Amino acid sequence: MARIRSRDTKPELALRSALFRRGLRFRKNDRRLPGSPDLVFPRYRAAVFVHGCFWHGHDCRYGTRPATRSDYWLAKFDRNRDRDRRVRAELEAMGWRVLEIYECAWRGPGSQPWDDVVDATERWLE
């Protein structure tokens, strides 16, 4: 668990790189905003969170539940989802648009091609 990062994850780095190549400029993990969004686009007043399905309890094939210490993990996932909802509400109350991208959007069978995820993110920004 010590190797699990909260920032600069592979999906986040890939998305940042792709958006930067398309000419979109952003701030990383802006601590002045609630939840310290992964990508902040001040020009569009938009914040993007790149979520791992496991840690945020997403209902997909990657949002698995550990078999041991299930009470601990279920409570942790509930806290993470509650925090995500609270942060989103705070940002929206401040006039920011919020996009949450889960890892299952581009990973594994049945997911979208990476370019489609980047295209959709770019369209959402503008």
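Reply: Start with Y72: the charged end of R69 sits over its ring, at 4.4 Å from the ring centre. Keep in mind throughout that this is a predicted model.

Together with F54, W55, W73 and F77, Y72 makes up one aromatic cluster. Across the whole structure, a search gives eight aromatic pairs. One of them is F54 with W73: the ring centres are 5.7 Å apart and the planes meet at 55 degrees, so this pair is tilted. The label follows from the cut-offs, because planes under 30 degrees apart would count as stacked and planes over 60 as edge-to-face.

Where do F54 and W73 lie in the chain? F54 is in the loop between β3 (46–51) and α2 (70–93), while W73 is in helix α2. The two are 19 residues apart, and their pair links distant parts of the chain.

Are these two residues buried or exposed? F54 has a relative accessibility of 19% and counts as buried, because the cut-off for buried is under 20%. W73 is buried as well, with 11% relative accessibility.

W73 has another partner, W55. The centres of the W55 and W73 rings are 5.9 Å apart with planes at 55 degrees, so this pair too is tilted. W55 is in the loop between β3 and α2, and W73 is in helix α2, so the pair ties together parts separated by 18 residues in sequence. With a relative accessible area of 24%, W55 is partly exposed.

Two cysteines also deserve a look, C53 and C60. A disulfide is a covalent bond between the sulfur atoms of two cysteines. How many disulfides does the structure hold? The number is zero. The cysteine sulfur closest to that of C53 is in C60, 3.4 Å away, which is too far for a bond. The reason is the cut-off, because a disulfide needs the two sulfur atoms within 2.5 Å. From the side of C60, the closest cysteine sulfur is likewise the one in C53. C53 is buried, with a relative accessible area of 0%, whereas C60 is partly exposed, at 22%.

Conventions. Residues numbered from 1 in each chain as written. Predicted model: local features only at pLDDT ≥ 70, side-chain atom pairs only at ≥ 80, totals over all residues. Heavy atoms only, no water. Phe/Tyr/Trp six-rings, centres within 6.5 Å; stacked < 30°, edge-to-face > 60°. Helix = DSSP H or I, 4+ residues; strand = E, 2+ residues; numbered from the N terminus. Buried < 20%, exposed > 50% of the residue type's maximum accessible area, 1.4 Å probe, protein only. Lys NZ or Arg CZ within 6 Å of the ring centre and 35° of its normal.
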